[in-house]
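Hi everyone, thanks for coming.

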Amino acid sequence: MAETTRTEITSSLRWPRLRVEEWIATRDTVHMWTQIIGKIRLAHAPMINHWWQVTLYVSPRGLTTSAMPYEAGVFDIEFDFTEHRLHIRAGDGNARQVALEPKPVADFYAETMSALDELGIAVQIQAKPNEVDPAIPFAADYEHASYDRDAVHLFWRQLVAAHRVMSEFRSYFIGKVSPVHFFWGAMDLACTRFSGRTAPKHPGGAPNCGNWVMEEGYSHELSSCGFWPGGGEEGAFYAYAYPEPDGFADYPVGPRHAFYSADNGQFLLPYEAVRTAADPEGSLLEFLHTTYRAAAERGKWDRAALECDPHRWDQQQRTLNERRQS
């Protein structure tokens, strides 16, 4: 009984429970905050295919831009969801902080831009959000002003859990594959594999987002997976293909709670189904691997050339370790 209890406690720490309905106001506020920081990165990072230069990354404290070039130096910005501060750090050792607390997006925007100005970092961004409707300019947004510290910390822990498994999944692919990164447009953690072939021109259609943005993102045939705080009671994992090949939606995927959503045009797996599974990591990996196979097999990808065994050198490493110990 004690062993079962320890297992349950460990699982709850690794896969925390956070009902979407309990933090919608905070989620939507933080979404706008991440858009502001993401647009700052967009303004300073050199262009990379599929907009990979604009994303944020899961960090040991929250979400970070990583180093961004500025003149002869660098700076970074990190959401610290443990101490609940936005850290802005310049390469010359100077830094500023913005408190993460209940406040309107307009105040967060003004404080962040002021902190950058104090550090001598000039920034110009398109100061309104993308992929949402309505798109309230940041300086005029007093509607989104919530911040539940506990909920945001739990969300970060959800991202940590998803990042851990998605990074393992990523290691099975030797072809072109994105980092596991956070897209602030839709507020999702994503990882995308590519077949190597070009794709039909994307029709666009995302709210307050130019079609040319979507054309760049979907310029090549892909299979994408990720996690976002919606689509289920506690969020959902998703997987889709572009272009979607014939038979994709009918492909048998696992685990049993996974399903194809015709409304969303993708497979979904509720976060709560993973969290409560006997083996959460194994359950999510099953979803990621089987939905990828749906895209690769139905789309006739050259799987032999694109896939790899991430454990291919394990035996050699064990042999070396044994020799060192003998």
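**A walk through the model**

So, counting cavities of 30 Å³ or more, we get 1. Before I go on, please keep in mind that this is a predicted model.

How much space lies in that largest cavity? About 40 Å³. Around it you'll find Phe169, Arg193, Ser223, Cys225, Ala239, Leu288, Thr291 and Tyr292 as the lining. Two elements give two or more residues to that lining: strand S9, residues 220–228, and helix H7, residues 280–298. H7 gives the most, with 3 residues.

Now, the core. The largest nonpolar core has 79 residues, and Ile40, Phe79 and Phe237 are the ones with the most contacts inside it. Which element gives the largest share of this core? That's helix H4, residues 149–170, with 10 residues. There's also another core lying apart from it, with 13 residues, including Phe194, Ala199, Ala206 and Tyr238. As general background, nonpolar side chains in soluble globular proteins tend to be buried together.

Let's zoom in on Phe237. Leaving out neighbours within four places in sequence, its contacts include Trp15, Ala162, Phe267, Tyr271 and Phe287. Ala162 belongs to H4, and it is one of the buried residues there.

Staying with H4, what else is buried along it? Among them are Phe155, Trp156, Arg157, Gln158 and Phe169. Phe169, you'll remember, is also part of the cavity lining.

On to the loops. Take the one between helix H2, residues 24–44, and strand S1, residues 57–58, which is where Thr55 lies. Is Thr55 buried or exposed? Its relative accessible area is 0%, so Thr55 counts as buried. A polar atom of the Thr55 side chain lies 3.1 Å from the backbone oxygen of Trp52, and a polar contact of 3.4 Å joins the side chains of Thr55 and His181. Beyond four places in sequence, Thr55 also touches Arg41, Thr65, Phe182, Phe183 and Trp184.

His50 is in that loop between H2 and S1 too. Its phi is near 65°, a positive value in a residue other than glycine, and His50 is buried at 4% relative accessible area. We find a positive phi at His84 as well, about 60°, and that one isn't a glycine either. His84 lies in the loop between strand S4, residues 73–80, and strand S5, residues 85–90, and at 6% relative accessibility it is buried.

For a contrast, look at Gln124, in the loop between helix H3, residues 105–118, and H4. Gln124 is exposed, with a relative accessible area of 74%. From its C-alpha atom to that of Phe173, 49 residues apart along the chain, the separation is 37 Å.

Last stop, the cis peptide bonds. One joins Asp133 and Pro134, with omega about 5°, and Pro134 lies in the loop between H3 and H4. Another joins Gly254 and Pro255, with omega about -5°; Pro255 is in the loop between strand S10, residues 236–242, and strand S11, residues 259–261.

Definitions and conventions: Residues numbered from 1 in each chain as written. Predicted model: local features only at pLDDT ≥ 70, side-chain atom pairs only at ≥ 80, totals over all residues. Heavy atoms only, no water. Core = buried A, V, L, I, M, F, W, Y, C linked by side-chain atoms within 4.5 Å. Buried < 20%, exposed > 50% of the residue type's maximum accessible area, 1.4 Å probe, protein only. Helix = DSSP H or I, 4+ residues; strand = E, 2+ residues; numbered from the N terminus. Contact = heavy atoms within 4.5 Å. 1 Å grid on protein atoms, 1.4 Å probe; cavity = no way out; pocket = protein on both sides within 12 Å on 5 of 7 lines; lining within 4 Å. Points joined across faces, edges and corners; volume = space filled by probe spheres on them. Polar contact = N/O pair within 3.5 Å; in protein donor to acceptor, adjacent residues only side chain to side chain.
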